[in-house]
Amino acid sequence: MTEQAKVPAIRFAGFTDPWEQRKLGDIAERVTRKNENNESDLPLTISAQHGLIDQRLFFNAQVASRDMSGYYLLRQGEFAYNKSTSADSPWGAIKRLTRYEKGCVSTLYICFALLNANPDYLVTYYETNRWHKAVQMIAAEGARNHGLLNIAPDDFFDTMVSLPESQAEQQTIGAFFSRLDSLITLHQRKYDKLVIFKKSMLEKMFPKDGESVPEIRFAGFTDPWEQRKLGELFDYEQPQPYIVRGTEYDDSFPTPVLTAGQSFVLGYTNEKQGIKMASPEHPVIIFDDFTTSSHFVDFPFKVKSSAMKLLTLRDKNEDIHFAYQVLQNIAYTPVSHERHWISKFATFATLMPECKSEMQAIGHFMSNLDGLITLHQRKLELLQNIKKSLLDKMFV
């Protein structure tokens, strides 16, 4: 490795010395203490996203044996390497115990404590892919058994770790990413709370089964809701390839693309493949047959899946924002998860206010809540992308 290659692309001011390569065994020692006398009754597992976490929270069950006296006892601040591979962790995951004072881990894990390196730095280092090559070189050829890498502890501690020689630089990097992680966690919690709040409001602002009025209602509205069929509210259409509605496209520029799944993903493409549409003068709702999810669209777009249906209001005086929330509410009902539910779409009956002003009030409230959820989602995605980029540029 050249001297130039021993420094990261982005670096904090005041640090100029080249980074060094050291064996993990030089900066850490293996931990093999057993959970004798069942000192801890907390079974831990490693999640690529959540780190070392209680098995009972992560799996909603205890995978470990009831008697964990033969398990390793991990103390707060120590590290563990889970050699199990996954899509998110192709070479396993290395995490530090921070959430609990102590806990038990499988003896299949390789555990260690740091001797003379900054722990926050090493936590972040193992979030990069810089260590993958070293592990790849020692993993036995063809030895993956049910996703478990065959790596001997001695070989693991011989892997090289890239780090600044300066403890001050290690601490600065570790502290920076620790603050960034806290900010990401904050936005994740805000987003999660808003999603839960939205679900709760959908349940309370629409009547429950057997009732004709919702639990929560805007002041001034007292009339019972009426039963209507979705076919009376929506025109239901199977999109056809290259049918253009409203605004014409210029394929020389990227156009928005909606991809369905558990949630809709917006991207851009110059490709002429897929089903191409543009929103008419009024917004439309795209409904995914497979996931019963829906997406409110008020801009020109393409969709790539024929399972995505185009819904427009039969009566343009209806409030489309409320109509969208009707579909959102149905998505939480058991019937929406039945196979071939979409075949019943036009005849499916639901309750709606007779008063259009009440529809508009609900639609406006929920639309603003959706906007807030989207805002926090975008902030979260932005922070995650910033972290991903910095992980690539601030490590050797």
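**Notes on the model**

1. R130 has a relative accessibility of 26% and counts as partly exposed. Its salt-bridge partner is D392, with 3.7 Å between the closest N and O atoms. This pair links distant parts of the chain: R130 lies in the loop between helix 3 (119–125) and helix 4 (132–138), D392 lies in helix 9 (residues 356–393), and 262 residues separate them. D392 is also partly exposed, at 47%.

2. The model is predicted. The average pLDDT of the protein chain is 84, and 79% of the residues score at least 70. Residues 242–250 fall below 50, although this stretch has 22 contacts in the model beyond near neighbours in sequence.

3. The protein chain contains 9 helices and 20 strands. Of its 396 residues, 41% count as buried. Among contacts between residues at least 6 apart in sequence, 73% join residues at least 24 apart.

4. The salt bridges number 16. One of them joins K102 and E39, with the closest N and O atoms 3.2 Å apart. K102 belongs to strand 8 (residues 102–105), while E39 sits 63 residues away in the loop between strand 2 (28–31) and strand 3 (44–47). Both are partly exposed, K102 at 23% and E39 at 38%. Together with R75, these two residues form a network of salt bridges.

5. D54 and R56 also meet in a salt bridge, at 3.1 Å from N to O. D54 is buried, at 8% relative accessibility, whereas R56 is partly exposed, at 36%.

Notes: Residues are numbered from 1 along each chain as its sequence is written. This is a predicted model: local features need pLDDT of at least 70, side-chain atom pairs count only at pLDDT 80 or more; totals for chains, interfaces and linings use all residues. Side-chain values use heavy atoms; hydrogens and water are left out. pLDDT is the predictor's confidence in each residue, from 0 to 100. Contact means heavy atoms within 4.5 Å. Helices (H or I, at least four residues) and strands (E, at least two) are DSSP runs, numbered from the N terminus. Buried means under 20% relative accessible area, exposed over 50%, partly exposed in between (1.4 Å probe, protein chains only). A salt bridge is a side-chain nitrogen of Lys or Arg within 4 Å of a carboxyl oxygen of Asp or Glu.
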